[in-house]
Amino acid sequence: MSMIEIKNVSKWYGDFQVLTDCTTNVKKGEVVVVCGPSGSGKSTLIKTVNALEPFQKGEIFVDGVSVGDPKTDLPKLRARIGMVFQNFELFPHLSITENLTIAQQRVLGRNRDEAMQKGMHYLDRVGLKAHAGKFPGQLSGGQQQRVAIARALAMDPIAMLFDEPTSALDPEMVNEVLDVMVELAHEGMTMMCVTHEMGFARKVANRVIFMDRGAIVEDCEKEEFFGNIDARSERARQFLSKILQH
Amino acid sequence: MNYNWDWNIFFKSTGIGSEIYLDWFVSGLGWTIAVALVAWIIALLLGSVLGVMRTLPGKALPAIATGYVELFRNVPLLVQLFMWYFVVPDYLPEPLQTWFKQDLNPATSAYVSVVVCLALFTAARVCEQVRTGIQALPKGQSAAALAVGFSIGQTYRHVLLPQAFRIIIPPLTSEFLNIFKNSSVASLIGLMELLAQTKQTAEFSANIFEAFTLATVIYFVLNMSLMALMNLVEKKVRIPGMMGGAK
Amino acid sequence: MDFSQIIPSLPSLWDGMKLTLQLLVLAVAGGIALGTVLALARMSSNAMLSGLAKAYVNYFRSIPLLLVITWFYLAVPMILNWITGEFVAVGAFTSCLVAFVMFEAAYYCEIVRAGIQSISKGQINAAYAVGMTYSQAMRLIILPQAFRKMTPLLLQQTIILFQDTSLVYAVGLIDFLNAARARGDIMGQSHEFLIFAGAVYFVISFGASSLVKRLQKRLAV
Ligand SMILES: Nc1ncnc2c1ncn2[C@@H]1O[C@H](COP(=O)(O)OP(=O)(O)O)[C@@H](O)[C@H]1O
Ligand SMILES: [Mg+2]
């Protein structure tokens with residue numbers, strides 16, 4: 001069963017086409033990694049899934065609900081999809097506890113106790129229970145990103161979107177975030193991850209998508225993607241050789 | 001020419017009832033504060049709404065707010081005051097017009113005019129500060145708020161505005177001080193606020209320098225106290241680790 | 001609404017506008033000159049000098065312009081009388097000009113100071129290195145660069161000053177606003193004349209700020 005279905009999506013900024021006829025889908029429990037050079041449209045594509053970016057052509061369904069349909073209740077749809085951003089985007093004026101509970105209370109209508117319990121459960125899972133009373137600015141980047149993941153999980157999402165969750169982090173903090181993501185994947189969370197962490201892709205991805213200039217150039221099983229490099233497109237091979245050097 | 005310095009003038013009788021000159025200054029200061037505070041509250045509310053409007057998607061709402069700002073920023077305050085005091089009342093619908101022109105005593109109608117004038121004038125400035133504050137936030141903040149399922153209204157209420165207001169406390173403070181200073185135009189339509197009382201004291205007593213010295217001291221102290229108050233507010237709402245707040 | 005008397009009144013309104021512009025030009029020139037001196041004093045290493053300049057600026061920034069205008073109108077003739085020992089007739093125009101120059105200088109001072117501080121310290125060192133004196137370094141190297149940078153802010157402050165000149169109404173000077181008020185009363189069209197005056201102020205201020213914004217964009221590139 002498809003959890004996220006992207007069908008022939010195209011998007012323009014004025015005359016400039018950012019997405020060209022993108023089609024793919026993510027099944028329930030599947031982990032799909034999206035990679036590609038900077039500016040190729042990865043963030044734009046992943047943001048169309050929860051309607052943070054509108055698109056002009058094509059269709060997207062999340063758990064059967066059409067994202068592009070003007071009648072769709074977008075806040076309700078977004079509340080069911082967790083998203084993790086490159087720059088964490090915790091709410092800096094709210095404590096960690098409030099960051100974890102505010103949307104549960106205001107969007108899902110949970111009561112305080114229930115929201116607290118959920119929030120603390122996930123904060124504990126990412127190993128940061130001791131920091132509940134602090135503010136985001138008092139945590140390291142890696143810690144903030146783990147809180148951001150907990151914030152998304154506390155909403156009981158049916159799928160998670162990650163947009164380069166580790167690329168703003170100092171190298172020594174990358175693993176603490178990736179570990180949480182790996183664990184999540186093993187638990188069967190449906191995930192769509194924009195990332196250049198090929199180690200992560202090798203470990204948990206089911207499929208890998210390669211984008212270039214707004215188009216999906218490769219979309220294949222992980223084993224095929226990494227196992228048969230010679231069968232990949234010229235651009236994908238260039239890209240891989242560049243990032244695998246590091 | 002000889003000038004009779006007399007710093008005791010403030011404790012001398014004005015010759016009107018049992019009032020001493022100091023009473024005039026106290027009552028003037030009272031009017032100044034009453035004008036400025038009420039106008040400020042309205043300006044803050046209206047300015048915030050306009051500031052939010054300027055950052056909304058779409059064309060119509062931002063254009064309305066921009067038009068408002070340009071109109072109220074490019075006409076001198078005194079012209080605006082004359083409009084509210086002399087012109088607008090003549091075009092009010094009937095029950096309101098009689099109320100304003102006949103039922104209100106002159107001091108109250110001057111008060112209403114100057115409060116409306118300063119509130120709308122200052123709202124344009126507050127609007128620009130609020131807009132600047134919202135636009136200074138990382139774009140990802142509204143994306144993150146929408147992503148957790150907030151509506152546009154919730155995004156502004158819980159995420160954007162609390163941060164924007166913290167950023168703009170310093171420029172808002174200076175607008176807050178300005179509204180006290182600007183309230184002195186009320187003296188030109190006969191409201192007996194601080195400047196009008198100062199002028200009256202100078203004319204009655206001929207002790208010009210003493211009267212204006214006291215007035216400047218009062219404005220100066222008022223300024224300092226308000227600034228101290230706003231510093232306190234800023235400290236109180238400061239978030240650890242956010243924008244220079246200690247970790 | 002009947003605007004029919006505006007056109008025949010244009011000559012007398014123009015007389016008012018001439019006074020407004022005269023006052024503006026002189027006040028801007030004097031304000032920037034005094035403001036620059038104050039800025040240099042504020043940044044001086046002489047603690048007393050910088051303290052005095054700072055007190056001056058804080059003082060004028062915490063009181064209303066209208067108070068300064070009213071006070072100077074009453075006080076300037078007296079002070080001149082004390083100084084010169086004889087009675088000098090000082091018109092409202094002169095006392096207003098003095099008030100505007102002294103008041104605006106406090107605001108121009110802050111703009112000039114920020115402008116000077118935005119020029120890198122290396123520039124003054126380079127000027128000293130080629131043997132310039134402090135005054136040469138300021139006049140030839142620092143101030144020309146600083147003024148170029150702060151032109152938009154100085155112009156914005158000048159637009160504010162243009163609007164504030166209408167406050168001379170308080171001392172009965174016949175500037176543009178007061179001319180419109182007086183003329184409107186005579187013609188029995190006081191509302192229309194006031195609206196017309198507002199529109200003229202709007203067009204000039206709005207036009208000027210749009211130009212400043214464009215200039216700012218060009219300087220930013
Ligand atoms: N608001 C916008 N207006 C115009 N172009 C944009 C906008 N946002 C992104 N783009 C362009 O769209 C392209 C894809 O951007 P993005 O999806 O962020 O790429 P990636 O995440 O793969 O680095 C880039 O060329 C970028 O410059
Ligand atoms: Mg990106």
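Predicted model: local features only at pLDDT ≥ 70, side-chain atom pairs only at ≥ 80, totals over all residues.
Reader: Which elements of chain A supply the side that touches chain B?

Author: In chain A, α2 (74-79), β6 (81-84) and α3 (96-106) each bring at least two residues to that side. By class, the side of chain A that touches chain B has 14 nonpolar, four polar and four charged residues.

Reader: How do you know how much area chain A and chain B bury?

Author: You take the accessible area that the two parts lose on being put together, summed over both. For chain A and chain B that comes to about 1900 Å², with 66% of it on carbon and sulfur atoms. On the chain A side, Phe91(A), His93(A) and Arg106(A) lose the most area to chain B, together 29% of what that side buries.

Reader: What makes Glu70(B) and Lys213(C) a salt bridge?

Author: The cut-off is a side-chain nitrogen of Lys or Arg within 4 Å of a carboxyl oxygen of Asp or Glu. In this pair the closest N and O atoms are 3.4 Å apart, so Glu70(B) and Lys213(C) qualify. The rule finds one salt bridge across the interface of chain C and chain B, and the count of residue pairs in polar contact there is six, both at pLDDT 80 or more.

Reader: Which helices of chain C touch chain B?

Author: Among those of chain C, α2 (47-61), α3 (65-84), α7 (176-187) and α8 (190-220) each supply at least two residues of the side that touches chain B. That side divides into 22 nonpolar, 10 polar and three charged residues.

Reader: And how many residues are in contact between chain C and chain B, and what area is buried?

Author: 35 residues of chain C are in contact with 34 of chain B. The buried area is about 3400 Å², and carbon and sulfur atoms give 76% of it. Trp71(C), Trp82(C) and His191(C) supply 17% of the area that chain C buries against chain B, more than any other three residues.

Reader: Where does UniProt place "transmembrane region" in chain B?

Author: The unreviewed entry puts that feature at residues 29-50, 71-88, 108-127 and 208-233 of chain B.

Reader: What is the chain like over residues 29-50 and over residues 208-233 of chain B?

Author: Residues 29-50 of chain B are 100% helix and 0% strand, with the end C-alpha atoms 31 Å apart. Residues 208-233 of chain B are also 100% helix and 0% strand, and there the end C-alpha atoms are 37 Å apart.

Technical notes
Residues numbered from 1 in each chain as written. Chains lettered and ligands numbered in written order. Heavy atoms only, no water. Buried area = accessible area lost by both parts, 1.4 Å probe. Helix = DSSP H or I, 4+ residues; strand = E, 2+ residues; numbered from the N terminus. Nonpolar A, V, L, I, M, F, W, Y, C, P; charged D, E, K, R; others polar. Contact = heavy atoms within 4.5 Å. Polar contact = N/O pair within 3.5 Å; in protein donor to acceptor, adjacent residues only side chain to side chain. UniProt positions renumbered as here; feature names shortened; annotations may be inferred.
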